[in-house]
Amino acid sequence: MESTTQSVVEIRVTGYGHPDAQRLSAEVQEEYVRRYGEGDLTEMHPDHFDPPAGLFLIAYLDGKPVASGGWRAKKAGPHGLRDGDAELKRMFVAPAARGRGLARALLRRLEETAVEAGHTRVVLETGTLQPEAIALYASEGYADIQKFGLYREHPQSVCMGKELPPAAPRA
């Protein structure tokens, strides 16, 4: 647990099927509608985020779910994806909880768990109407990569990736 200005933050593994994950996913879809005019149509299933295929986290602020994010394993594909990639999905911080470093904390924890699971790179797709997300990823070492996924042909699509360090040897 981390303390943020007298608030208690706890990051928990919940799974994508958890009611809190579904509630936050619905909120991020509403955010996409506000910004882009429609929600994300990318196929998502709870089992995409069940270990070892993936992982889904929720950040709780004083016991209330306020932020989410997950990764799911990807296989090599025709659009630059590689075996060993972990794709970030549903990174979101509720508006009332923004500005507290929750997205950065979640991102770093997701990267750690991806390394622990043997992944070598994290990839993501975001959009030009989410400049704060692009700035966060860039500040954490993400760079543009070949576009992949459902929106690869969309002019507002931005795909980024980051090479991960090798997992530490187990004692």
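Contact here means heavy atoms within 4.5 Å. This is a predicted model, in which local features need pLDDT of at least 70 and side-chain atom pairs count only at pLDDT 80 or more, while totals for chains, interfaces and linings use all residues. Residues are numbered from 1 along each chain as its sequence is written, and side-chain values use heavy atoms, with hydrogens and water left out.

**View 1. Tyrosine 142 and its contacts.** Setting aside neighbours within four places in sequence, tyrosine 142 touches Leu88, Leu107, Glu111, Val122, Leu124, Tyr137, Met160, Gly161 and Lys162.

**View 2. The largest nonpolar core.** A nonpolar core is a set of buried Ala, Val, Leu, Ile, Met, Phe, Trp, Tyr and Cys residues joined through side-chain atoms within 4.5 Å; buried means under 20% relative accessible area (1.4 Å probe, protein chains only). H2 gives the most, six residues. Apart from this core sits another, of 12 residues, including Val28 and Phe56.

**View 3. Strand E6 and its partners E5 and E8.** Six of the seven E6 residues are buried, so the strand is largely enclosed by the rest of the structure. Strands pair if DSSP finds at least two bridges between them. E6 runs parallel to E5, joined by three bridges, with aspartate 85 opposite arginine 121. On pairing with E8, E6 is antiparallel over seven bridges, and valine 122 has lysine 162 as its bridge partner.

Technical notes: Buried < 20%, exposed > 50% of the residue type's maximum accessible area, 1.4 Å probe, protein only. Helix = DSSP H or I, 4+ residues; strand = E, 2+ residues; numbered from the N terminus.
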